[in-house]
Amino acid sequence: MQTQMLIGGDFTDAADGSTMPVEDPATGETIAEVAAGGPADVVTAVARAHVAQSQWAATAPRDRAETLRRVWQLMTDAQEELADLITAENGKPLADARGEVAYAAEFFRWNAEETVRLRGELGVAPSGTNRILVHHPPIGVVAMITPWNFPAAMITRKLAPALGAGNGVVIKPPAQTPLTALRIGELLGDAGVPDGLVNVVPTADSAGWFDTCVDQEPVRMVSFTGSTEVGRVLLRRAADRVLKTVMELGGNAPFIVFDDADLDAAVEGAMLAKMRHSAETCTAANRFYAHRSVATDFAERFAAAMAEVQIGPGADDATTCGPLIDAEAVQRMVTLVEEARDDGARVLTGGGVPDRPGHFFNPTVLGEVGHASSIARTEIFGPVAPVIPFEDTDAVIEMANDTEMGLTGYVYTEDLRRGLAVSERIRAGMIGLNRGLVSDPAAPFGGMKQSGLGREGSTDGIYEFCETQYIATSW
Ligand code: NAP
């Protein structure tokens with residue numbers, strides 16, 4: 001297990017020798033002590049990234065692409081080992097962790113293909129006096145900050161396109177799950193990523209890390225995935241040096257079940273949209289709006305499926321939902337369920353904390369929840385599903401859009417015309433129409449409103465890590 005930070009191609013201790021514990025959320029026990037970087041480490045990491053980046057940017061796109069493809073291969077070969085690490089520090093079931101590794105690795109294969117297809121433009125100025133030549137050089141050094149819910153994929157979704165475009169990188173992995181990031185750092189070296197190009201600097205002081213990092217002259221971009229609350233803070237600070245930002249922020253996804261929906265498919269989709277990765281995904285369905293005529297039936301079937309979920313340590317084969325990340329997350333579930341009950345919701349299954357060690361909460365479905373209830377207005381980020389009955393299409397669209405978030409939405413109906421019309425009216429960056437899963441490296445991932453700025457994945461993702469330069473010329 002790698003516990004030192006990666007700077008300049010070497011794994012080292014923090015300059016001041018600090019370490020921080022990493023906990024297994026299934027037991028609450030410390031599983032590793034990881035080097036905890038301070039300002040001196042961040043300064044060195046940026047300097048090393050800056051030197052390596054200028055050489056990397058000058059390499060042939062084909063060479064960069066083949067390096068990325070080797071990373072995909074090495075991550076794929078190490079799927080089982082990486083999945084074990086993810087489960088150990090994040091708690092998610094092994095099946096989800098394996099899925100995450102496949103998804104995370106795929107960003108390297110996808111962006112290897114994009115790296116050799118970066119396009120420019122050549123046009124004639126309307127006046128006819130000159131040509132307009134447009135190309136896309138790399139930005140420089142990119143600071144990346146990522147959350148604990150996908151210890152591998154939230155890094156690779158940024159890292160692969162950034163490297164493909166020719167940038168250098170300094171990563172701050174989450175304090176709760178740095179081990180996977182450090183192991184990926186080792187694999188990058190094995191794949192031939194030059195020393196210093198990618199630096200992984202965990203810290204116990206994320207605000208201090210960021211403050212130091214954004215003030216370093218070579219840093220020209222911040223790519224962040226995490227909560228909207230922290231995103232706002234980083235945006236303000238990044239403004240001091242007018243840094244480019246890409247923000248992948250929080251969600252509050254509506255999941256709408258119309259009266260003509262295939263209820264078996266809707267329940268299956270609801271389970272996927274709610275419960276994958278122990279219900280801790282930004283795309284998670286947060287509010288389930290079911291048409292009044294099917295609401296009871298949907299809620300009962302959904303509750304029956306939730307009652308079948310096996311909670312336990314992610315490493316146990318029988319487990320389908322692991323622990324939450326920490327005690328604070330469990331307490332948030334307790335409070336949200338209590339408040340919903342006070343507002344008149346009925347607990348159809350679950351509703352409490354099981355009597356076992358670790359940070360667990362029983363998978364819960366709440367019926368007859370009101371749209372105004374605090375649980376419908378908060379990003380739950382845990383295994384609690386409120387079902388809210390609705391009467392008509394305009395009313396449910398209004399409720400779906402009654403949030404500052406706009407990351408994901410889900411619509412279930414057998415009428416494709418209605419499904420598409422409703423999808424277009426939901427102000428969210430991603431819609432699952434009769435599907436409970438939207439994430440795909442080939443699709444543009446990102447949110448509207450306060451769920452984010454910019455897109456990751458698809459053909460758009462790599463351009464986020466590029467400048468646009470135009471040369472006026474004539475011949
Ligand atoms: P978070 O509290 O915002 O933390 C995310 C990252 O930001 C962590 O690495 C954290 O570091 C760091 N951080 C916290 N405060 C900071 C500060 N003042 N300055 C610099 N860095 C700071 O989010 P989380 O609880 O880890 O993750 C859950 C949230 O992420 C949810 O809202 C979820 O929807 C969102 N998310 C969004 C996407 C997406 O693609 N849109 C994907 C996944 C998750 P430490 O951990 O070291 O404190």
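A word on the basis. This is a predicted model, where local features need pLDDT of at least 70, side-chain atom pairs count only at pLDDT 80 or more, and totals for chains, interfaces and linings use all residues. Residues are numbered from 1 along each chain as its sequence is written, and side-chain values use heavy atoms, with hydrogens and water left out.

First, the domains. Domain 1 covers 5–249 + 451–473, and domain 2 covers 253–440. Those bounds come from an automatic or database domain assignment. Their centres, taken over C-alpha atoms, are 31 Å apart. Domain 1 gives 22 residues to the contact and domain 2 gives 29. Contact means heavy atoms within 4.5 Å.

What crosses the interface? There are 9 residue pairs in polar contact, both at pLDDT 80 or more. A polar contact is a pair of N or O atoms within 3.5 Å; within protein, one must be able to donate a hydrogen and the other to accept it, and residues adjacent in sequence count only if both atoms are side-chain atoms.

Now Asn286. Where does Asn286 sit? In strand β13, residues 285–291. Strands are DSSP runs (E, at least two residues), numbered from the N terminus. Asn286 counts as buried because its relative accessibility is 3%. Buried means under 20% relative accessible area, with a 1.4 Å probe and protein chains only.

The side chain of Asn286 reaches the backbone oxygen of Thr378 at 2.5 Å. A polar atom of that side chain lies 3.0 Å from the backbone nitrogen of Ile380.

Key: Helix = DSSP H or I, 4+ residues; strand = E, 2+ residues; numbered from the N terminus. Buried < 20%, exposed > 50% of the residue type's maximum accessible area, 1.4 Å probe, protein only.
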